[in-house]
Structure formats: structure tokens, C-alpha cells
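Q: Could we go through this structure together, taking one feature at a time?

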Amino acid sequence: MNITSVFKPDLFTGKVAIVTGGGTGIGAAITQELAHLGCDVVIASRKEQRLKEAADQMNANPNIKGRITAIACNIRQEEQVKNLMQSVVKEFGKIDFLVNNGGGQFQCPAENISMKGWSAVIDTNLTGTFLCCQHAFREWMGANGGVIINIVVDMWRGFVFMSHSGAARSAVDNLTKTLALEWADKGIRINSVAPGTIYSETAAANYPTDVFSASREVQPTGRLGTPEEVAALVCFILSPAAAFMTGIFASTCSHS
Ligand SMILES: CCC/C=C/C(=O)SCCNC(=O)CCNC(=O)[C@H](O)C(C)(C)COP(=O)([O-])OP(=O)([O-])OC[C@H]1O[C@@H](n2cnc3c(N)ncnc32)[C@H](O)[C@@H]1OP(=O)([O-])[O-]
Ligand SMILES: NC(=O)C1=CN([C@@H]2O[C@H](COP(=O)(O)OP(=O)(O)OC[C@H]3O[C@@H](n4cnc5c(N)ncnc54)[C@H](OP(=O)(O)O)[C@@H]3O)[C@@H](O)[C@H]2O)C=CC1
């Protein structure tokens with residue numbers, strides 16, 4: 001027998017990743033796991049102070065092997081996205097992985113969503129994800145390949161009181177499939193991942209009611225997921241173990 005093992009102890013040593021929203025919740029768990037496996041990670045989001053503090057805190061963890069760097073970026077602003085990609089290529093020499101995790105929404109019945117609120121959610125989750133993919137392609141991946149993961153939500157049967165986000169994420173899933181086909185010959189893999197319902201303090205702060213506990217009973221596992229469980233799935237898809245996987249939607253847990 002000649003069986004080759006895929007998971008090496010330093011799986012991502014020498015790799016460079018960008019994780020948007022990498023300073024909080026699910027993004028922080030993804031960042032920490034990637035760095036634990038040897039990857040250098042750039043975390044990018046709007047709140048620079050909080051982002052830098054998160055990077056400092058994670059870098060102080062003796063178990064991580066990669067370095068974590070904070071770069072402020074609002075993914076709704078094309079110039080900032082372009083600057084993010086250019087800065088990473090300049091400082092680290094490449095972009096192996098892009099995890100489009102930054103995003104979110106607010107709860108509101110569809111009939112009451114203002115135009116500004118609708119646009120903010122579409123611009124963040126759909127256009128922001130598109131811009132990150134496009135500029136990662138232009139600055140590095142188009143000529144060198146890479147792996148992209150777009151974080152979406154479990155929107156397949158609708159996303160009640162979050163119609164703006166459900167529509168945006170569904171569009172991201174289709175964008176993922178299209179880019180997987182358009183960019184396959186460039187050596188780029190791109191997939192979308194929907195976290196199950198995952199509690200974190202920052203995520204919960206966005207909701208006036210406890211939507212997380214309310215959804216516990218509809219989870220097949222009877223419990224909420226953890227950010228670390230999403231990170232594990234993301235790392236699997238980024239890894240060579242998933243080298244044949246592109247244009248796919250995966251979820252940590254689904255009640256749809
Ligand atoms: C079951 C659980 C599943 C969990 C899923 C998760 O994703 S958990 C992860 C959860 N994590 C996240 O969601 C984190 C990221 N999320 C966010 O940053 C925001 O939700 C955002 C995407 C709306 C951007 O917001 P921003 O402040 O940068 O944007 P902006 O200043 O440009 O304002 C745009 C307009 O949007 C409107 N509007 C905004 N909030 C509310 C509201 N609460 N109420 C009503 N309306 C609201 C309002 O019209 C506002 O304009 P106004 O009236 O003020 O002139
Ligand atoms: N928790 C859950 O149950 C689920 C979460 N998700 C999705 O997973 C992702 C992470 O969520 P989670 O960790 O739970 O929640 P958080 O609120 O902790 O994370 C959201 C992150 O996105 C960043 N972000 C928001 N808007 C922008 C922007 N315009 N530009 C750059 N970064 C931005 C925020 O940073 P900053 O404010 O500094 O910009 C923050 O770090 C989100 O896309 C979320 O919608 C999907 C399904 C379920």
C-alpha cells in the first residue's frame with residue numbers, strides 16, 4: 001500500500017490568509033485555528049482598535065505558530081478592499097487563502113426595512129464579498145491560485161425577519177458557484193460555508209432578543225454550535241484534503 005497522509009502537523013506553515021471579521025466570534029476562531037496550524041493571518045474589519053486588540057491577544061497565545069496582523073478595512077469600500085489586498089501582497093508576498101467572514105444583519109420585518117438598512121446589508125454581505133473576491137483575484141490569486149471561502153447563513157428555506165441578509169447570502173452562494181467555474185483554470189477553489197447557529201458575545205450584541213437560545217430546539221444536535229466547530233470545517237475546506245471540492249455549499253449544522 002502507498003497511502004499518503006493529507007493532514008500534516010504543520011498543515012498551513014508558510015501559508016498566508018486573510019480573514020475578514022477575523023477579530024471577533026467565528027472569524028477569531030478561524031484565525032486562531034489557522035495560526036495554530038502555522039498560517040500567517042491578516043484580520044480585517046472596520047473597528048481598528050478592537051481588531052488590533054484581538055490580534056495582540058491571539059499573538060500572545062503560546063500555542064499558535066503563525067503571526068496575526070490587523071489591517072482596518074470596510075469591505076463596503078472598494079478602495080479599502082483594494083488597499084487590503086495590495087498591502088498583504090506587499091508585506092507577505094502572497095494570498096493563499098481568503099475567508100469572507102465579515103458581515104451580518106439586523107432583524108426587521110420585511111415591510112419595515114428602510115432603503116438605507118436594505119442597502120447596508122446588501123452592500124456588506126453581497127457586494128463586500130464580491131469586492132474581496134475580485135481584488136484578491138486581481139492582486140494575487142488570478143495569477144497564482146488560491147482558496148476562497150464565503151461565509152453565508154442557513155437561508156435555504158428563507159431567513160425570517162432577515163430578508164435582506166437571506167437574499168444577499170443566497171446571491172453569494174450563486175456567486176460562489178459561478179466563480180468556481182470561471183476561476184477553476186486559474187487554480188482557484190471557492191466554496192461557501194453556513195455556520196449553524198453559533199453563539200458569541202459580539203454576535204448576540206446585534207439582537208435585541210435572545211435569538212440564539214430560541215433556535216436551540218430546532219438544531220438536530222439540540223445545542224448551539226461553537227465558533228471552533230465552524231473553524232474546523234473552514235480549515236478542512238482550505239486544506240489539501242478538499243482539493244477536489246469547489247463550488248460547494250457546506251454547513252456545520254442545518255435544520256433546513
Ligand atoms: C439565529 C441567529 C443567526 C445569526 C446570524 C448572524 O449573522 S450573527 C452575526 C451578527 N453580527 C453582525 O450582524 C455584525 C455586523 N452587522 C452590522 O454591522 C449591521 O448589522 C449592518 C450590516 C446593518 C451594518 O450596520 P452599519 O451600522 O455599519 O450601517 P449604517 O450605519 O450604514 O446603517 C445602515 C442602516 O441600517 C439600518 N439598521 C442598522 N442596524 C439596525 C437595527 N439594529 N435595527 C434596525 N435598523 C438597523 C438603519 O436603517 C441604519 O441607518 P440609520 O437609520 O441608523 O441611519
Ligand atoms: N453566529 C451565527 O450564528 C451565524 C453567523 N453567520 C455569519 O458569520 C459571520 C461571522 O459572524 P459572528 O462571528 O457570529 O458575528 P460577529 O458580529 O462577531 O462578526 C461579524 C464580523 O464582521 C465584521 N464586519 C461587519 N461589517 C463589516 C464591514 N463592512 N467590513 C469589514 N468587516 C465587517 C465585524 O467587525 P467590525 O465591526 O470591526 O467591522 C465582525 O468582526 C457573519 O457573516 C455572520 O453573519 C452566519 C450564520 C450564523
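Q: Which residue in E2 does Val16 stand opposite?
A: Residues are numbered from 1 along each chain as its sequence is written, and chains are lettered from A and ligands numbered from 1 in the order in which they are written. This is a predicted model, where local features need pLDDT of at least 70 and side-chain atom pairs count only at pLDDT 80 or more, while totals for chains, interfaces and linings use all residues. Strands (E, at least two residues) and helices (H or I, at least four) are DSSP runs numbered from the N terminus, and two strands pair if DSSP finds at least two bridges between them. Here Val16 stands opposite Asp40 in E2, and the chain crosses from E1 through H1 to E2 in a right-handed β-α-β crossover (with the strands pointing away from the viewer, the path from the first strand over the helix to the second runs clockwise).

Q: How many bridges join E1 to strand E4?
A: Three bridges join E1 to E4 (residues 97-100), and these strands run parallel; within this pairing, Leu98 of E4 is the bridge partner of Ile18.

Q: Why is strand E1 largely enclosed by the rest of the structure?
A: A residue is buried if 20 or more other C-beta atoms, placed from the backbone, lie within 10 Å of its own. Five of the five residues of E1 (residues 16-20) are buried, so the strand is largely enclosed; Val16, Ile18 and Thr20 point one way, and Ala17 and Val19 the other.

Q: Which helix gives the most to the shell around ligand 2?
A: H1 does, with three residues.

Methods: A residue is buried if 20 or more other C-beta atoms lie within 10 Å of its own, exposed if 12 or fewer, and partly exposed in between; C-beta atoms are placed from the backbone.
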